[in-house]
Structure formats: structure tokens, C-alpha cells
Amino acid sequence: MRKVEPSRLRAFLASVRLSLLLFLADPQWVIPATIAPVIFGFAAFELYQGSGATLVLYAILGAGMMSMWGQTLYGAGWATGQDRELGTLEPTLSTPTSYLWVVFGRIVVNAVTGLVGGLVVFAVVSFAYPHPLPLHAPVEFVLLFAFVLVTLASVGLVLSAVYVYTRYAGFINNFGEFGFYIITGSMFPVVLLPFWTSPIALLLPPTWALDALRYASLPGYAGFGWGFTGDILGAVGTMLVYLAAAGSVYHRVEQHVLTVGNLQEY
Amino acid sequence: MVDAAISVRQLTRVYSSRKGFLFNEVTRTEALRGVDLEIAPGELFGLLGPNGAGKTTLAKILSTLLLPSSGSARVLGLDVVRDAPRLRSRIGLVLGGERGLYYRVSGRENLRYFADLYGIPRAERESRITEMLERVGLGAAGDQRVEEYSRGMKQKLHLARGLLHQPELLFLDEPTIGLDPKSARETRKFVRALLSEGVTIFLTTHYMFEAEELCQRIAVLSKGKIVATDSVAGLRQLVGGDRTFEIDGYGFEDAELARLKALAGVSRVVTEEFGPRLRITLRVQSPELELDRVARALPGHPELEVRERRTALEDIYLDLVEEEPA
Ligand SMILES: Nc1ncnc2c1ncn2[C@@H]1O[C@H](COP(=O)(O)OP(=O)(O)OP(=O)(O)O)[C@@H](O)[C@H]1O
Ligand SMILES: [Mg+2]
């Protein structure tokens with residue numbers, strides 16, 4: 001008997017390849033990934049430019065994060081929703097590879113386009129702002145920026161499962177998106193939000209990672225009391241929980257859809 | 001003894017769908033109501049049934065895309081629920097239709113993607129894709145975007161995808177639906193070729209003639225139950241003694257139909273409308289009953305046309321699916 005052993009890496013790379021091809025065939029995401037964040041960035045810049053370089057940088061970070069979040073989570077979720085719409089969810093689930101690896105590939109592609117969006121915002125605003133931005137550790141800044149993206153991807157991976165679960169995922173996600181901007185502190189520092197949002201925000205790895213990013217890039221920043229190192233540990237810890245949960249989340253979601261029989265619904 | 005390729009015991013499947021503003025209206029559909037089935041390796045088995053009989057539901061359960069509500073099913077010796085991941089690399093599923101493909105990329109890219117998900121060895125991937133495209137007749141169109149494909153070309157691509165990983169068993173859900181006669185014939189030829197290569201095939205269809213032409217054994221599914229399983233020859237035997245009368249006329253009354261039904265030797269009365277005309281088809285089991293006798297049972301119809309014709313397998317099929325299954 002011939003045995004075909006599907007490899008997770010193959011599936012992951014296949015998904016990356018297809019996502020890129022589909023992105024190139026329909027580059028509608030160029031707008032949310034680059035143009036929208038630049039507009040957000042300028043709006044924030046207009047609001048804060050009189051308040052000093054630090055706040056301008058803060059505003060840029062917020063806009064960049066929105067772009068990355070939109071790409072990583074919303075974009076990957078949307079692509080998974082597309083599988084429902086195209087009717088490709090059934091043939092994909094009928095292969096021996098877990099759908100998790102397909103979503104993972106998609107998330108990575110979306111995260112990278114999101115990163116491009118974030119960098120576009122940064123480049124545009126720093127070009128437009130007449131004073132040098134007080135970025136005291138550029139290398140750390142870039143690394144932490146990428147780190148935030150990885151934490152976002154871990155959330156995206158788990159939340160994309162919602163799109164496999166139900167065709168109403170878009171509806172759920174649209175609600176979630178704005179809540180996420182706010183509670184992770186993409187828009188306002190979490191410490192300024194009402195006390196009850198913090199415990200929720202701390203369940204999300206990007207909250208910690210963003211705080212770390214701000215510690216590293218904003219002079220005199222005072223975020224969470226545990227400081228930069230605590231932020232990094234928190235981000236890694238919560239992220240590991242998400243990654244560990246992903247396998248079982250996808251297994252359960254798959255069992256659910258096979259029980260309900262709603263795979264071809266859209 | 002060779003193990004069965006497919007073995008199904010008391011399989012049921014209920015769909016619950018929710019509707020209404022708060023999703024609080026639950027509708028239960030019993031799509032399969034206790035199916036038993038045994039299919040041998042290397043067999044081409046046909047599942048025949050009208051719309052909504054449960055054919056797709058059964059094909060999906062057997063190919064691990066849907067869980068049964070109760071009962072059990074083993075495919076290639078593996079349990080369709082517990083051993084699903086292992087089973088998936090050994091079976092192929094072709095659901096067909098307009099959906100299920102990535103439109104914005106080429107047919108070849110679609111196949112590449114699925115080849116990777118099936119874990120087809122990297123070194124063989126391109127040659128297998130090319131060979132498969134050639135085999136299904138998409139050799140020239142492989143690099144074209146799927147959105148430019150016709151209905152029949154999409155169907156061929158579905159077929160190529162289902163076979164790419166060289167499954168031992170192939171599920172084909174209505175493979176010729178929507179195809180023109182020439183493409184349908186090519187598809188049937190292709191199915192026969194696969195069979196000769198040793199692939200076990202489970203095929204669903206609406207068309208009796210297709211099942212008759214291709215399948216060694218046929219099961220007729222009606223309202224979630226199998227009402228007959230037999231070889232084509234066996235089903236023909238059912239037809240054997242039977243005669244079929246057709247009566248065309250206008251405005252028959254219920255009392256007249258009842259009178260026909262009461263005639264000695266008449267086992268079944270079916271009416272069909274053709275515009276204003278009505279056709280009554282009688283299944284007659286007695287060699288004695290004559291056409292005249294039937295005509296005399298319907299006085300006051302000068303327009304009446306009564307004739308006898310050969311009973312076709314199609315008639316038996318219709319008899320089977322129109323009877324209320326127990
Ligand atoms: N996802 C679903 N949710 C609710 N009911 C369903 C679902 N899928 C199928 N059904 C119902 O189950 C029954 C059997 O459907 P199925 O698709 O298996 O029939 P079929 O024999 O393949 O029909 P067709 O010849 O039209 O393809 C039908 O009554 C159908 O309405
Ligand atoms: Mg069907």
C-alpha cells in the first residue's frame with residue numbers, strides 16, 4: 001500500500017504561495033494595507049504635531065498598528081471566509097493536512113503585507129514631520145515592530161478559526177476589530193482606559209508587545225508598571241498559550257463543521 | 001476473503017437547520033434513514049436517486065466531510081470518523097459544480113496547491129499535474145485562469161484534482177451533470193478507464209442510463225433509504241415479466257384511475273401531465289390483460305390512445321423511488 005505523508009511545511013508553503021498569487025491577482029488589499037494607514041497616520045499627525053515629537057511618534061505607532069492588525073487578522077480571516085464563499089473549504093478539508101497550516105501560511109503573508117503598511121506609515125510621516133522623531137533605538141524598534149506582528153499573527157491564527165466555524169464570522173469580526181484597536185492600546189495607551197479593560201487586554205499578546213515597543217521607542221514612556229522586560233515575558237507567555245491552543249481549536253472547529261454540515265454554506 | 005472497500009451499517013444523518021430572526025426555528029431533515037451497503041474492491045458502484053434522496057450526504061459521510069448521526073461506515077478498512085485523517089490520503093472526492101476552485105489562478109496552480117496539501121512528492125508534482133491535465137483533456141488550458149473555464153472544463157479540473165494523489169477509491173458525485181452529451185460521454189469513458197486501472201468507484205447519478213452503462217451494481221436511494229440494491233441484470237429481472245401500457249387522453253377522473261388500478265394484473269398506475277394532455281402509465285404483471293380491456297375501462301374518452309411499450313429500467317427506477325419507503 002502506497003502511503004502519502006503530507007508535510008506541514010509543504011502545506012504551509014503552498015498556502016503562502018497561493019495567498020501571494022491571489023493577492024497579486026486581486027490587489028484590493030493594497031488600499032487597506034498602505035493608503036488607509038497613511039491617511040490615519042496623517043490625521044494623527046495633524047492632531048498631535050503641535051504636542052511634540054513623542055506624541056507624533058505615538059500617533060504613528062497607532063496608525064501602523066491599525067494597518068498591521070487589519071492585515072494580519074482581518075485579512076487572514078477574510079481569506080478564510082473566501083474559502084467558504086468559493087466552496088474551496090470542502091476540498092481543502094478533505095485533504096489529509098490540517099487546515100491550521102493553510103491559515104498559518106495566509107497569516108504570514110498578510111502579516112508581511114501588514115508590516116509593509118506599517119513601514120509605509122512610518123516613512124511617510126517621518127518624511128513629512130519637520131523634526132527628527134525621537135527614536136532612540138532604531139534597531140530595537142524594527143525588531144520589536146516585527147515582534148508585535150508575530151504576536152498579532154498568533155491571535156489571528158486562533159481567531160481565523162471563527163471563519164471556518166461559521167459563515168457569520170465577518171459580522172463577528174467587524175465588531176471585534178474596533179474593540180481590539182481600543183483594548184490592545186493601538187489607539188490609546190491602555191493605561192488611560194477604564195480599569196476593567198486592562199484584564200481583558202492582558203489576554204491579548206499584542207497588548208504586551210505594543211507596550212514593550214513603546215518603552216523602547218518613546219522617551220520617558222510610562223506604561224505597565226512591570227516595565228519592558230515584564231512586557232516581553234508577558235507577550236511571549238500569552239503568545240505561547242495562543243499557539244498551543246491553535247491545534248486544538250482547529251481540531252474542535254473541524255469536528256463542529258463536520259457535525260453541523262455547514263461547510264458549503266456562505 | 002477480501003475486505004469490503006466500503007461497508008456501511010445502519011447509517012443515519014439528520015441535519016438541523018436554524019432559521020428566523022433569532023435562529024430559533026429549528027428544522028430537522030432526515031437525509032439518511034438507516035443505510036446498509038457493501039461495496040467490493042475494484043467495483044464501480046452506482047448510487048441512483050432523485051433530488052434530495054441523500055446521495056451527496058452519503059458520499060460526503062463516506063469521504064469524511066460530514067459526520068454521521070448514528071450507525072457506522074468503514075472505507076478501505078478505516079472508520080470514517082475515527083480514522084478520517086489517514087483515510088483522506090487514500091480516497092478522492094469529486095463534488096463537481098461551479099464552486100470549489102480558486103478562480104483567479106490557473107488550473108495548474110489549483111492542482112499545485114492541492115498536490116502540496118496531499119503531500120505528493122515534490123519531484124513528481126509537476127509531471128503528475130501535466131499528466132493529469134492531459135488525461136482529463138485540459139492539456140492546452142492548464143495555464144489559463146479558472147474564471148475563463150467553461151462549465152465542462154471546471155468539471156474536468158475537479159476530476160483532475162480528485163485523482164492527483166492517485167486514490168484507491170474515488171467518490172464521484174454526479175460527474176456528468178451539466179455536461180453536453182459529448183463531454184458526458186468522455187467522462188464516462190474516463191471513469192471506465194479508471195476502473196480498469198483498479199480504482200474502486202462510488203458514483204452518484206440521477207440518470208438511470210448512466211448507471212446502467214457504467215455500473216456493475218446499483219443501489220436506488222429514495223428519501224434516505226435504499227429501496228433496491230442489485231446488479232443491472234438483477235434489476236432487469238425485476239422488469240422481466242412486466243409489461244407497460246401507456247394511455248394518453250384528457251380529463252381523467254379519480255374514479256377512472258381507481259378503476260384502472262383495480263383491473264386484474266395492474267400493479268401500478270402513474271399519471272403525468274403534458275400540457276392539457278394526461279398520460280397514464282400502467283405496470284402490468286399479468287400476460288393476460290389486453291389493451292382493449294383497458295380501453296373499455298375508460299368509456300367516454302373518444303380521444304383515447306392506448307399502446308403497449310417495452311418496460312425500461314428507467315420505469316423500474318421510477319417505480320422504486322416513487323413508492324413510499326417503509
Ligand atoms: N447542509 C444541509 N442542511 C440542511 N439540510 C440539508 C443540508 N444538505 C442537505 N440537506 C437535506 O438533506 C436531504 C438530502 O440532500 P442531499 O444533498 O444528500 O440529496 P441528493 O440526493 O444529493 O440530491 P441532489 O440529487 O439534488 O443532489 C435533502 O432534503 C436536503 O434538503
Ligand atoms: Mg447531490
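Buried means under 20% relative accessible area, exposed means over 50%, and partly exposed lies in between (1.4 Å probe, protein chains only). Strands (E, at least two residues) and helices (H or I, at least four) are DSSP runs, numbered from the N terminus.

This is a predicted model, in which local features need pLDDT of at least 70 and side-chain atom pairs count only at pLDDT 80 or more, while totals for chains, interfaces and linings use all residues. Residues are numbered from 1 along each chain as its sequence is written, chains are lettered from A and ligands numbered from 1 in the order in which they are written, and side-chain values use heavy atoms, with hydrogens and water left out.

Back to β11(B), residues 243-249. Seven of its seven residues are buried, so the strand is largely enclosed by the rest of the structure. It pairs with β13(B), residues 277-284, in the antiparallel sense over seven bridges. Two strands pair if DSSP finds at least two bridges between them. B:Phe245 has B:Leu282 as its bridge partner in β13(B). Five bridges join β11(B) to β14(B), residues 305-309, also antiparallel. There, B:Thr244 is partnered by B:Arg309.

Now the interface with chain A. Chain B contributes 38 residues to the contact and chain A 41, where contact means heavy atoms within 4.5 Å. About 3600 Å² is buried between the two chains, with 56% from carbon and sulfur atoms. Buried area is the accessible area (1.4 Å probe) that two parts lose on being put together, summed over both. In chain B, B:Arg99, B:Tyr102 and B:Leu117 lose the most area to chain A, together 20% of what that side buries.

Four salt bridges are counted between the chains. Each is a side-chain nitrogen of Lys or Arg within 4 Å of a carboxyl oxygen of Asp or Glu. B:Asp116 and A:Arg10 meet in a salt bridge at 2.4 Å, N to O. On the chain B side, β1 (6-19), α2 (84-88), α3 (107-117) and α4 (122-136) each supply at least two residues. The largest share, seven residues, comes from α3(B).

Last, B:Thr229. This residue is found in strand β10 (225-231) of chain B. B:Thr229 is partly exposed, with a relative accessible area of 37%. It touches B:Phe45, B:Arg217, B:Ile218 and B:Ala219, not counting residues up to four places away in sequence.
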